[in-house]
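Subject: Structure for you to look at

Hello,

Here is the structure I promised. Please open it next to this email and follow along.

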Amino acid sequence: ISARRAPAWIALSCAQASHRDVPTAPTMSQAEELASISGLALEQAAVLLEATAGDLAMVVQLHFDGEDMMQQPQTVLQPPQPAADHGHHGRGFTNSVVRYDRPDPGVNRIDEWFYLVSTGKGKNGGAFPLLRSLDLVEWEEVGTVFPPGGHPVWSANTDFWAPEIHQVANGKVHVYFAARDPTGALHVGVAVADSPLGPYHDPLSAPLVSGPHWAIDASYFLDGETRKQYVLWKIDGNAHRVPSVLKMRELDSSGTHFAEGSVEHQLLSSDKPWEHGVVEGPWLLKRGSYYYLFYSVGCFAAADYGVAVARSTALTGPYTKCSAPILCSGKGWAGPGHCVVISSPSGGDVMVYHAHQSSRMHHIDPGGRHVLVDRVHWHDDDWPRVGTMGTPTPGEQPPIHMAVGFRGDPLREGESYIFRLIDSELLLQYDGTFRGDHNGDVLFIVREGRCPGGTISLEAAGRPGEFLRHAFGQLVCQVADGSELFHNDATWQVVPGMQTGSEAYNSDGVVAVSLRSINFPQNYVTCAGSRGIIQHADVADLRRLTLLASHVTC
């Protein structure tokens with residue numbers, strides 16, 4: 001860094017560190033300020049902001065040329081080594097964090113460690129691989145829940161699915177899981193241990209939850225207000241050609257039996273077209289006045305798999321679903337799902353989930369389902385935003401322990417934009433066409449989605465009350481008629497531009513985006529000739545799915 005900037009850098013770093021003796025997590029704004037005045041990379045700035053005053057005395061050395069004391073100094077940076085309990089301290093990370101097949105990750109923090117259990121068998125046999133990490137980024141495999149030959153007596157030693165690990169109210173560690181019995185039916189069971197590392201045993205020698213349409217995808221919830229604890233599960237209806245359902249029932253103080261007098265509560269069923277007949281993988285949390293039920297939709301082996309959320313002011317519902325999935329396939333990753341939402345080392349919320357690698361949009365590469373981590377940001381509308389515009393973050397993320405504020409949606413509500421196809425001069429018109437000429441009928445105002453929850457609608461600035469919608473696959477601006485169909489057709493999710501490298505077009509006032517239909521979630525705004533349409537990403541030209549949105553100050 002330059003001699004001019006060096007004093008400011010040292011002063012800011014020392015001021016940040018002088019009042020403490022132990023590392024703390026910097027905020028993104030602090031790191032950005034230091035990076036701006038010093039010329040350092042954001043990652044290096046974060047390291048220095050974490051340093052104590054003693055660290056800085058050791059790691060900042062200014063070496064001047066003896067022949068010319070006014071020559072620009074050379075700064076030698078030797079960042080302090082990460083503390084043993086901070087793992088990936090000071091460094092960014094890139095998904096995936098487990099780079100091999102570990103599907104349906106069930107993750108929780110117990111004491112200072114994060115523990116992960118997953119579907120399947122371990123490297124040396126046994127059921128439910130068990131991993132641990134100090135920072136959610138660097139994981140080590142430490143065994144299995146059930147050792148080889150130690151599977152539950154009621155199971156057929158096959159199809160060990162979707163476990164979750166929890167420290168329950170009595171301090172014991174429970175793993176709730178699904179397994180198949182000798183008849184082929186799937187049930188929910190529970191394994192209990194004094195420590196996350198085991199040994200685990202099955203206290204029931206029988207399933208905890210069963211049903212004629214099977215029971216899978218168990219989860220656990222402790223209500224912080226009542227201190228009552230519950231088990232959630234999925235009725236595997238889609239395997240029996242009936243609707244899939246998410247249910248919940250109160251547990252007793254042991255967490256291994258149902259509470260006396262308790263009853264089942266149905267929380268959700270698959271009733272949205274974008275759920276494709278499937279709701280599964282429940283995860284429940286309380287935030288503010290709402291209970292949030294995260295769940296997965298679609299087929300786990302397909303690119304239309306994703307994460308959705310519903311909320312309620314009462315634990316047992318009714319739950320109102322968000323208008324569309326909050327996490328879908330994106331660049332490099334397809335079929336994200338089966339998530340947990342927990343607090344990260346920074347204190348902010350993160351989603352841990354699995355996804356398939358994808359060398360092209362909506363294509364699933366071989367290699368199984370990796371484990372990914374993305375930040376969850378809570379918007380003013382009390383709906384969560386996940387990852388990069390609702391897709392897995394494709395590039396490097398700030399250090400996991402760094403508090404990162406929500407930077408806002410890419411298209412800001414109440415602002416005006418003109419949309420044109422990338423690499424062309426074709427502008428989106430009010431009549432639903434893309435043309436190079438126009439009569440001013442190209443300016444759209446971003447409104448809250450007519451189906452709210454992380455979505456937008458586009459109102460024609462020159463025709464107040466008319467909104468861009470798709471009708472029979474074609475784009476058109478029409479006056480809102482108040483129908484549910486119109487609300488669905490005129491609501492869009494904004495995702496990163498689908499064309500590879502389109503982020504290079506981003507600049508002040510311009511952002512590369514794709515507009516995804518909420519009632520046909522794999523379909524995006526594009527054009528055929530000059531006609532604006534929605535088209536499935538599998539068959540579309542990705543260049544024509546990418547729009548440059550230019551902000552216009554009116």
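The largest cavity is lined by 10 residues. Nearest its centre lie Gly330, Lys331, Thr391, Pro496 and Met498. This is a predicted model, where local features need pLDDT of at least 70, side-chain atom pairs count only at pLDDT 80 or more, and totals for chains, interfaces and linings use all residues. Residues are numbered from 1 along each chain as its sequence is written, and side-chain values use heavy atoms, with hydrogens and water left out.

**Cavities**

First, the terms. On a 1 Å grid over the protein atoms alone, a cavity is a set of points where a 1.4 Å probe fits but cannot get out. A pocket is an open set with protein on both sides within 12 Å along at least five of seven lines. Lining residues have an atom within 4 Å of a point. Grid points are joined across faces, edges and corners, and a volume is the space filled by probe spheres set on the points.

The structure holds 2 cavities of 30 Å³ or more.

Strands (E, at least two residues) and helices (H or I, at least four) are DSSP runs, numbered from the N terminus. Which strand gives the most to the lining? E15 does, with 4 residues. By class, the pocket lining has 9 nonpolar, 5 polar and 5 charged residues.

**Two sheets**

Two strands pair if DSSP finds at least two bridges between them.

E11 belongs to an open sheet of 4 strands, in the order E11-E12-E13-E14, with antiparallel pairing. Its edge strands are E11 and E14 (265-269), and each pairs on one side only. E11 and E12 (229-235) pair over 6 bridges. Ser219 stands opposite Leu232 in E12.

E15 belongs to an open sheet of 4 strands too, in the order E15-E16-E17-E18, with antiparallel pairing. The edge strands there are E15 and E18 (320-321). E15 and E16 (290-297) pair over 7 bridges. Leu284 has Leu293 in E16 as its bridge partner.

**Backbone details**

Check two cis peptide bonds. One runs from Asn95 to Ser96, with omega near 10 degrees. The other joins Gly317 and Pro318, with omega about 10 degrees. Pro318 is in the loop between E17 (306-312) and E18.

Then look at Phe472. Its phi is near 55 degrees, a positive value in a residue other than glycine. It sits in the loop between E28 (466-471) and E29 (474-479). Is Phe472 buried or exposed? Phe472 is exposed, with a relative accessible area of 90% (buried is under 20%, exposed over 50%, partly exposed in between, with a 1.4 Å probe and protein chains only).

Best wishes

Definitions and conventions:
Ala, Val, Leu, Ile, Met, Phe, Trp, Tyr, Cys and Pro count as nonpolar, Asp, Glu, Lys and Arg as charged, and the others, Gly among them, as polar.
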